[in-house]
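This briefing is intended for a reader who is new to the structure shown below. It begins with pairing between strands and then turns to the sheets, the helices and the surface.

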Amino acid sequence: MTVQVFKAIIISIVITLHLRERGFFLIKLHDVSKSFGRFQAIKSVSLTIDKGEIHGIIGASGAGKSTLLRLMNLLEIPDDGEVEINGQNLTNLSSKDLRQERKSIGMIFQHFNLVANKTVYENVAVSLQLASFPRKERKSRVMTCLEFVGLETFCGKYPAQLSGGEKQRVAIARALANSPRVLLCDEPTSSLDPNTTAEILGVLEDVNKKLGVTIVIVSHEMEVIKGICNRVTVLANGEIYDTVLIEPSRIQMMDNSPRYFVEQLTEGRVIADA
Amino acid sequence: MPEILIQYEAEILSSIGETFIMVGVSILAAILLGLPVGTFLFLLRKGQVLENRFAFSALNLLVNIIRSFPFLLLVVFLIPFTRFVIGTAIGTAAATVPLAIIAIAHYSRLVEQALLDVPKGVMEAAISMGASVKEIIVKFLYVEARSGLVLGLTTSIISFISYSTIMGVVGGGGIGDFAIRYGYQQFKTDLMIYMIIIMVILVQLIQFTGTTVSRLIDKR
């Protein structure tokens with residue numbers, strides 16, 4: 001009996017180790033460090049992100065959240081350590097191979113970073129051009145991506161004609177165009193109001209559930225992290241303070257009426273009109 | 001039409017032609033060489049994709065030196081070089097050499113400025129999508145900076161017209177030279193004033209066109 005239990009344990013350990021070797025992890029940072037001048041932004045951080053998870057990174061301003069995220073597609077070159085995505089070590093790739101790998105790593109930003117002089121359609125299409133996506137299939141691919149984010153009727157508009165939430169949807173469509181394995185999100189909702197934030201988080205959840213894209217999301221907003229992540233890394237002073245598993249709880253949509261704002265401000269207490 | 005204009009019609013037309021040739025070559029030089037030089041001035045800067053402190057300083061210094069010359073001195077200074085390139089230092093063709101050189105230096109600075117207005121985030125998005133340097137320039141930088149590039153070129157063209165008026169010293173001809181030789185030196189003030197009016201109209205037209213085009217292509 002004990003022998004059998006022992007055997008089972010050994011087998012499960014072997015299987016687990018095997019899985020971890022064979023692409024169970026999608027992103028693996030190994031002892032990564034990054035300094036800006038004298039400031040050590042990231043101090044020898046090791047972190048693994050599993051396939052299919054929505055991984056949050058939270059911390060105070062200056063904790064190194066964005067830097068950590070930007071190390072994952074080598075927008076910041078690490079001073080030390082290794083970055084591995086899908087079994088491919090990015091740190092020792094030639095610049096040409098690195099560009100190739102980046103095409104399968106999507107990224108969205110706080111300020112959307114759309115090309116203001118390109119239409120919605122062109123903004124999405126450009127990422128296909130960069131990846132030499134077959135010309136004939138480009139149009140239908142762009143439309144599929146825009147439909148996914150609910151903006152299929154916005155093709156001819158320019159970013160200046162869109163709201164913040166719509167811009168971020170276009171950015172998501174652009175990031176999805178080349179069917180990435182992972183989507184890196186750098187404060188994606190930090191310049192949006194609470195309702196739009198909830199909408200964008202909904203879209204990101206769809207990206208994860210329906211398309212099976214792994215998501216890494218950096219935010220300083222606790223609500224955002226709580227609302228969507230399965231696992232969260234808490235960063236402090238360039239080091240991992242803790243990594244916790246959580247149960248995502250959807251953000252409550254907020255009432256947008258002026259009356260609600262007044263109620264929230266006064267906490268329901270009746271005060272005299274100012 | 002005033003009699004004096006009819007009297008000098010042939011000379012006026014040929015001097016306008018010379019101005020067009022000199023300014024035309026300057027515009028070509030600005031676009032074909034000033035644009036790339038300005039793009040490198042931008043891309044070699046700290047924090048940009050081709051960051052290279054040494055190359056940036058060298059290019060920056062070269063452009064500054066050319067721009068430091070009072071233009072008349074540059075023309076004289078370049079005479080041996082012009083003779084080497086064109087075979088002569090006199091005439092309209094010879095005049096295009098110093099004009100082309102100042103055009104490159106002039107427009108490259110305005111290109112650099114226009115590119116500096118492109119939000120850093122757009123560059124980052126391009127890099128994160130795996131764009132090569134060439135793709136970053138053509139598909140992102142120039143698209144985003146296009147109205148600034150057009151406005152800069154407009155400013156440059158107007159300067160080129162002004163520079164071209166000096167080229168009389170090396171027999172380059174042009175409207176400015178005609179106004180000086182016939183209007184000023186032969187005391188035909190009315191002729192000089194007519195030439196100034198032609199240049200004012202020309203500059204107005206160029207500025208209007210440039211401003212309109214840059215507004216139409218600006219979707220920011």
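In chain A of this predicted model, strand E1 (residues 25-36) and strand E4 (residues 80-85) pair in the antiparallel sense over five bridges. Two strands count as paired if DSSP finds at least two bridges between them. Helices (H or I, at least four residues) and strands (E, at least two residues) are DSSP runs numbered from the N terminus. Within this pairing, Ser33(A) stands opposite Asp80(A) in E4(A).

**Conventions**

- Residues are numbered from 1 along each chain as its sequence is written, while chains are lettered from A and ligands numbered from 1 in the order in which they are written.
- Because the model is predicted, local features need pLDDT of at least 70 and side-chain atom pairs count only at pLDDT 80 or more, whereas totals for chains, interfaces and linings use all residues; side-chain values use heavy atoms, with hydrogens and water left out.

**The four-stranded sheet of chain A**

- Four strands of chain A form an open antiparallel sheet in the order E2-E1-E4-E5.
- Its edge strands are E2(A) and strand E5(A) (88-89), each of which pairs on one side only.
- Ser44(A) is found in strand E2(A), which covers residues 39-50.
- Although Ser44(A) is not a glycine, its phi is positive, at about 45°.
- Most residues other than glycine have a negative phi.
- Ser44(A) counts as partly exposed because its relative accessibility is 41%; buried means under 20% relative accessible area, exposed means over 50%, and partly exposed lies in between (1.4 Å probe, protein chains only).

**The six-stranded sheet of chain A**

- Six strands of chain A form an open sheet with mixed pairing, in the order E6-E7-E8-E3-E9-E10.
- E6(A) and strand E10(A) (239-245) stand at the edges with a single partner strand each, so one side of each has no neighbour in the sheet.
- On average, neighbouring strands of this sheet are turned by 15° against each other, direction ignored.
- Strand E9(A) (residues 231-236) and E10(A) pair in the antiparallel sense over six bridges.
- Arg231(A) stands opposite Leu245(A) in E10(A).
- Helix H2(A) (residues 65-72) packs on this sheet, touching strand E3(A) (54-59), E6(A), strand E7(A) (182-186), strand E8(A) (214-218) and E9(A); contact means heavy atoms within 4.5 Å.
- The direction of H2(A) makes about 155° with that of E7(A); axes are lines fitted to C-alpha atoms, for helices over the stretch in contact, and angles run from 0 to 180 degrees between N-to-C directions.
- Helix H6(A) (residues 164-176) also packs on the sheet, touching E6(A) and E7(A), and its direction makes about 170° with that of E6(A).

- Seven of the eight residues of H2(A) are buried, so the helix is largely enclosed by the rest of the structure.
- Among these buried residues are Lys65(A), Arg70(A) and Met72(A).
- Just after H2(A), Leu74(A) takes a positive phi of about 60°.
- Phe112(A) lies in the loop between strand E6(A) (105-108) and helix H4(A) (120-130).
- The phi of Phe112(A) is positive, near 65°, and this residue counts as buried because its relative accessibility is 10%.

**Chain A overall**

- The secondary structure of chain A comes to nine helices and 10 strands.
- Of its 274 residues, 47% count as buried.
- The accessible surface of chain A comes to about 14300 Å², of which 52% belongs to carbon and sulfur atoms; such areas come from the Shrake-Rupley method with a 1.4 Å probe, and for residues only the protein chains shown count as cover.

**Chain B overall**

- Chain B has 10 helices and zero strands.
- Buried residues make up 47% of its 220 residues.
- The C-alpha atoms of chain B fill a box of roughly 65 × 40 × 25 Å, taken along the principal axes.
- Carbon and sulfur atoms account for 69% of the accessible surface of chain B, which comes to about 11000 Å².
- In chain B, residues 24 or more positions apart account for 74% of the contacts with a separation of 6 or more.
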